[in-house]
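Dear colleague,

Please find the structure for your review directly below. My findings follow it.

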Amino acid sequence: MSIINATTARTNFFKIIDEALNTHKPITVTAKNGNVVILSETDYAAMQETMYLNSIPGMREKIIKGLNTPFDECIEDN
């Protein structure tokens, strides 16, 4: 994760956007009143989806079970 101050962020705004889009790493911008994080819309949506799925009771365990199931034991839907 990159950490930059607000003045540098303002000067290099388009470069920072490209960095967030290309690296998929959050960029922290520090300011007097607090900090903000810049990340791509795709990464934000993925975080939102992960939080939603984790909010469903039992879903995390089902996902882990599915990941640990060998492919040849999966049933194909027709």
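The notes below go from the whole chain to single residues.

This is a predicted model, in which local features need pLDDT of at least 70 and side-chain atom pairs count only at pLDDT 80 or more, while totals for chains, interfaces and linings use all residues. Residues are numbered from 1 along each chain as its sequence is written, and side-chain values use heavy atoms, with hydrogens and water left out.

Overall architecture

The protein chain has four helices and three strands; helices (H or I, at least four residues) and strands (E, at least two) are DSSP runs, numbered from the N terminus. Read from the N terminus, the order of elements is β-α-α-β-β-α-α. The radius of gyration of the protein chain is 19 Å, whereas a compact globule of 78 residues would have one near 12 Å. That radius is taken over C-alpha atoms, and the globule rule is 2.2 Å times the number of residues to the power 0.38. Along the principal axes, the C-alpha atoms fill a box of roughly 55 × 25 × 20 Å.

Of the 78 residues, 10% are buried; buried means under 20% relative accessible area, exposed over 50%, and partly exposed in between (1.4 Å probe, protein chains only). Among contacts with a separation of 6 or more, 29% are between residues 24 or more positions apart, a contact being heavy atoms within 4.5 Å.

The nonpolar core

The largest nonpolar core has five residues: Ala-9, Ile-16, Ala-20, Ile-27 and Val-29. Helix H2 (13-23) and strand S2 (27-31) each supply at least two residues of this core. Such a core is a set of buried Ala, Val, Leu, Ile, Met, Phe, Trp, Tyr and Cys residues joined through side-chain atoms within 4.5 Å. Not counting residues up to four places away in sequence, Ile-16 touches Ile-4, Thr-8, Ala-9, Ile-27 and Ile-38.

Asp-43 and Ser-40

Asp-43 is found in helix H3 (residues 41-55), and Ser-40 lies in the loop between strand S3 (34-38) and H3. Their side chains are joined by a polar contact of 2.9 Å. The term denotes a pair of N or O atoms within 3.5 Å; within protein, one must be able to donate a hydrogen and the other to accept it, and residues adjacent in sequence count only if both atoms are side-chain atoms. Ser-40 counts as buried because its relative accessible area is 5%.

Leaving aside residues up to four places away in sequence, Asp-43 touches Ala-20 and His-24. With neighbours within four places likewise set aside, Ser-40 is in contact with Ala-20, Leu-21 and His-24.

Further residues

His-24 lies in the loop between H2 and S2 and is partly exposed, at 46% relative accessibility. His-24 has a positive phi of about 60° although it is not a glycine. Most residues other than glycine have a negative phi.

Leu-21, in helix H2, is partly exposed at 44% relative accessibility. Leu-21 and Leu-39 are 18 residues apart in sequence, and their C-alpha atoms are 7.3 Å apart in space.

Leu-67, in helix H4 (residues 59-68), is exposed, with 67% relative accessibility. Its C-alpha atom is 41 Å from that of Ala-31, at 36 residues apart in sequence.

Yours sincerely
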